[in-house]
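Subject: Structure handover

Hi there,

Here is the structure I promised to pass on to you. Have a look at it first, and then read on for my notes.

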Amino acid sequence: MGDKTNKTGRILIVDDNEDLLKAAKIFLKRHFEQVDLEKNPQAIPSLITNEDYDVILLDMNFTKDVSSGKEGYYWLEKILEIDPSAVVVLITAYGDVQMAVKAIKAGATDFVLKPWENEKLLATLYSAMKLRQTRQEVEDLKIKQKEINLQINSRYEDIIGKSSAIRKVFETIDRVAGTDANVLILGENGTGKELIARALHNNSNRKDEVFINVDLGSVSETLFESELFGHKKGAFTDAKEDRAGRFEIANKGTLFLDEIGNLSLPLQAKILTAIQSRKVSRVGANKETNIDIRLVCATNMPLYDMVKDNKFRQDLLYRINTIEIELPALRERIEDIPLLANHFLKQYAEKYEKPALKISDAAVSRMQKHHWPGNIRELQHAIERAVIMSGSQVLQPEDFNFNAQPQNTMEGENVTLDQFKLEDVEKILIRKVLKKYNGNITQAASELGLTRSSLYRRLEKYGL
C-alpha cells in the first residue's frame, strides 16, 4: 500500500479501454497524488497544456487503428512538441514490443505490456517520475547557467582608486568577503555600489557560484513575489510556465538587492520572512524551497532616519546590516578623479575610434573642483560626451558640461565666506583639508602649500 499522507506525482492515462482505465485508477490512486483518465486522445493537447503531469501513460493503438501503432507515434510526437521534457510511458500489447522500441527511439521513455503486473507498472512509473524530476533539475540548471553567463558577459569594470577613502573600503572588503555575513552598502547614486557587491562576491567562498543582481527600484509591487520568489505555471494569467525566482536562482551564490530602501513596508515584511526562514515559496505552490545565499544590500536612502519615521523596518535593517560599507562620494576622493577620467577616456576613445585623445591638465583640475552630484556615473557620462563632441585631440575644460557653479560656502560649514575674517577662513580650510587626508600632516601641508612645521604652528594656534 502507498503512504496516503505522503503521496506525490501526477499521472495521466490515455486509453480507449474503459475497464483498463478504471482498474489502473483504483490501483494507482493508492500511490500517487493525482491520477487523471482520458479515453479520447484528441483531448491530450488541452490536458497537458493546463496540467503539469509527471508521467503520461499512452496507449499505442486506439480503436480505429488497432495494430499499426501509428496513432501512438502521432500522439507521442504531439506531446513532445507541446512539452519537450514530458515523460511518456507507452501501453502496448505483447506482440508489439518491436514497435515500442522504435517509439522509444522517437522519444518515449519506457513501455509497459498489457495486461500488466501491478508491481511492475508501479516500478516503471516511479522510475519515469525520477527521470521527470531529473529533467526539471537540468532545466533549472540551464536557467541558472544562463543567468551566470549573462552576469559574466555584462560589462564589469575593476574598482579604480588609490585614495585613502577608497583604500578603507578595500580593507573592509578584505576583512569581510570570506565570511557569509550580510553586508549593507551605503552611498550616493553613482558611487559604485554594485561594483563593491561584485568585489565581495569575487573574493568570497562563493566566487564560483552565481551573483544575482536585483534592482528593487524597478520591480513593481504586483510582480514582486513572482520576481523574487518565482511562480508555478497557471498561478496567474501570464504564468505560462514554472519559473524560479531570484532567491532560488541565487542559491549557493550571492544575492544583491539594490535600492532596498525603495521597498514598501509590506514588501519589506516579505523579504524579512525569506531571509529569516531561509525558505521561499513560489506563487501558486504549497511547497517551500530551502535557500542558501549570501545577502548583500545597497541603498542611497537614509535608512536610519527612515526607521525613526516608521518607513523602514528596524528588524529588517538589523538583518541586512551585519557589516556596513559606506562608499565615499567622488568629491571626497578627488585624487582618484584623474585615474577614473583616464580609464573612461581610454574606454570611449576605443569605442568611438579616437585613439590619440588626451585630457588637459586644466580639464583635470576643473574636474577636481566640480561637485559631481552623480559621482562616478556622472564622470563617466561626462567623458563619453566629451569624446563624442570634441573635435580636438586634447580635451579642454570647455569640452565638459560643468553646469554646477563653484559654491561660495565652505563645504560642510553652514556659512558663507564673506562673513569671516581671514583667520576664521584659514581655520575652516585647515580643518577641511585635515579631514580630507584623515589627519595626515604631510599630505595636508602639501595641499595647503605649507611646511609641516608651519601647519603644526597653525594647529596649535587654532586648537585643532
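Which residues of S6 are buried on one side of the strand, and which on the other? On one side they are Val183 and Ile185, and on the other Leu184 and Leu186. With all four of them buried, both faces of S6 are covered. Please keep in mind as you browse that this is a predicted model.

Now for the sheet around this strand. S6 belongs to an open sheet of five strands with parallel pairing, and the order is S7-S10-S13-S6-S14. At the edges you will find strand S7 (211-215) and strand S14 (323-326), each of which pairs on one side only. From one strand to the next, the twist averages 20°.

S6 spans residues 183-186 and pairs with S14 in the parallel sense over four bridges. If you want to find this pairing on screen, valine 183 has isoleucine 323 of S14 as its bridge partner, and leucine 186 has glutamate 326 of S14. S6 is also joined to S13 by four bridges, and these two strands run parallel. Here, isoleucine 185 has alanine 298 in S13 as its bridge partner.

A helix is part of this picture too. Helix H6, residues 164-176, lies across S6, S14 and strand S13 (294-299). Relative to S14, H6 runs at about 160°.

Why is S4 largely enclosed by the rest of the structure? S4 covers residues 88-93, and five of its six residues are buried, so the rest of the structure largely encloses this strand.

S4 has pairings with S3 and S5. Strand S3 (residues 55-59) pairs with S4 in the parallel sense over four bridges, and leucine 57 stands opposite valine 89 in S4. The pairing of S4 with strand S5 (residues 110-114) is parallel as well, over five bridges. In that pairing, threonine 92 has leucine 113 in S5 as its bridge partner.

Best wishes

Notes: Residues numbered from 1 in each chain as written. Predicted model: local features only at pLDDT ≥ 70, side-chain atom pairs only at ≥ 80, totals over all residues. Heavy atoms only, no water. Buried < 20%, exposed > 50% of the residue type's maximum accessible area, 1.4 Å probe, protein only. Pairing = 2+ DSSP bridges. Axes fitted to C-alpha atoms, helices over the stretch in contact; angles between N-to-C directions. Contact = heavy atoms within 4.5 Å.
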